[in-house]
Amino acid sequence: MNQTSYQNIPPVFIVSSGRAGTTLLRGLLNGSNQIHIPPESDFITRVYPFYHNKQQFSDEDYKKIVKLFINTSEDNGWEMTEDYLLTCLKDQAPQTFTDINSTIYNAYLKQVGLDSQQWGIKRPVLIAGIDRIIRTFPEAKIVHVVRDGRDVFLSYKEIHRKDAVKFGPQGVVTNALYWIDGLRRIEEINDIDFYELRYEDLLSDPAPELKKLCVFLEIDYEKFITDESDETIIKNTALKTKDKLFIRKISEIKPTNTKKYLTKMSQLERFIYELIAAPYLMKYHYPIEFKIVTSPLLFPLRNFAYLGARLFNNWRYQRRDIETYNK
């Protein structure tokens, strides 16, 4: 029996300012039987400066690209070997940066037996390179997941307190500025097909939120896997996180992971966060506790801080890209 191909639907990129539920959304979309999103990778944006204008690729280029992909993707290049990737690139002989990406992503789908589906890419930090994504894949669908920045702060705080591998900003000020910088990058894009989804809305009423998202992604909501006994569930919706295998099912999503800041942030931390982030908390309809922070007199000072955060992040991302390429 022939399998329906969904490779004609646009690829999707899921971005956020971090700790916003992108892994949850990835797990749900992987149950659509139409889009498959591998482990995280920011290969496309980190390698873009070095290859996006190149029109002819040699075998030596392919060898370098394979190493870069493995270094910028989880599970050592999604558990694809260097030999496998290099063989795929040599066989397909892609000669544009767009085709390089497509060849690698489709090679993964082939390896896991899902080559009838369309690929997607998920990594929060891609929010800083949306312009690069769109120049590479003009037809791509961008999904921006937003979460209350105060809960994002708590999530990063927990990582720095518990996890062996620590990442993300520390401190209430740097957290707020990082969260805002991502939102401002989204705010600045024009003529790009993107969809904003609040994490809190997905938790409180997942089915209608997913239905609206499916319309945007041009996929069929009715084709989502809901039967855990289906043998394809492990392949399509099971995600491996810290050596645990779990399944994302719409019926199991509960709205309990919200507004933790009310009890886990001190009053001073909440005030500082709102002092910095009030315009964007209000933009995304999150409640403000301290009304004084809404004063227009604070706008010039905030804009100065936002500009400083942008310059710092741009410098940091550029340095990271160069260091990755030179490894």
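In which helix do K212 and E209 both lie, and how many residues apart are they? Keep that pair in mind; the tour comes back to it. The model on screen is a predicted one.

**Stop 1: the sheet**

Select the five strands β1 to β5. They make an open sheet with the order β2-β3-β1-β4-β5, and the pairing is parallel. Strands of a sheet pair through backbone hydrogen bonds, either parallel or antiparallel. Now look at the edges. β2 and β5 (194–198) stand there, each with a single partner strand, so one side of each has no neighbour in the sheet.

Walk across the sheet from β2. Select residues 35–36, which are strand β2. β2 pairs with β3 in the parallel sense over two bridges. Pick I35: its bridge partner in β3 is Q118.

Next comes the pairing of β3 with β1, parallel, over three bridges. Two positions show it. V12 stands opposite G120 in β3, and I14 has K122 as its bridge partner in β3.

Move on to β1 and β4. They pair in the parallel sense over five bridges. Select V15 and find H144 opposite in β4.

β4 (residues 141–146) and β5 pair in the parallel sense, over five bridges. Here V143 has Y195 as its bridge partner in β5.

**Stop 2: two covered strands**

Stay with β1 and color its two faces. V12, I14 and S16 lie on one side, F13 and V15 on the other. Both faces are covered, and these residues are all buried. The count for β1 is five of five residues buried.

Do likewise for β3. Q118, G120 and K122 are on one side, W119 and I121 on the other, and all are buried. With five of its five residues buried, β3 is therefore largely enclosed by the rest of the structure.

**Stop 3: the nonpolar cores**

Which residues have the most contacts inside the largest nonpolar core? Select F13, F43, I104, Y105 and I130. This core has 41 residues. The elements that give two or more residues to it are β1 (12–16), α2 (43–51), α3 (59–71), α5 (82–92), α6 (97–111), β3 (118–122) and α7 (130–136). α6 gives the most, with seven residues.

Zoom in on F43. Leaving aside neighbors within four places in sequence, F43 is in contact with Y48, I65, L68, F69, T72, S73, I100, N101, I104 and Y105.

**Stop 4: salt bridges**

Side chains of opposite charge can pair when their charged atoms come close. The model has 25 salt bridges.

Begin with D42 and R123. They form a salt bridge, the closest N and O atoms being 3.6 Å apart. D42 lies in the loop between β2 and α2, and R123 in the loop between β3 and α7, so the pair ties together parts that are 81 residues apart in sequence. Are the two buried or exposed? D42 is buried, and so is R123.

Now jump to R150 and E274. Their salt bridge has its closest N and O atoms 2.8 Å apart. R150 lies in helix α8 (residues 149–162) and E274 in helix α14 (residues 267–283), so this pair ties together parts that are 124 residues apart in sequence. Both R150 and E274 are buried.

Back to the opening pair. K212 and E209 both lie in helix α11 (residues 206–217), three residues apart, about one turn of the helix. Their side chains meet in a salt bridge, at 3.4 Å from N to O. K212 counts as partly exposed, at 45% relative accessibility. E209 is buried, with a relative accessible area of 13%.

**Stop 5: helix α9**

Last, select residues 172–188, which are helix α9. Its 17 residues, at 1.5 Å a residue, should span 24 Å. The end C-alpha atoms are 24 Å apart, which agrees. Of those 17 residues, 13 are buried, so α9 is largely enclosed by the rest of the structure.

Definitions and conventions:
Residues numbered from 1 in each chain as written. Predicted model: local features only at pLDDT ≥ 70, side-chain atom pairs only at ≥ 80, totals over all residues. Heavy atoms only, no water. Core = buried A, V, L, I, M, F, W, Y, C linked by side-chain atoms within 4.5 Å. Buried < 20%, exposed > 50% of the residue type's maximum accessible area, 1.4 Å probe, protein only. Helix = DSSP H or I, 4+ residues; strand = E, 2+ residues; numbered from the N terminus. Contact = heavy atoms within 4.5 Å. Pairing = 2+ DSSP bridges. Salt bridge = Lys/Arg side-chain N within 4 Å of Asp/Glu carboxyl O. Expected span 1.5 Å × (residues − 1).
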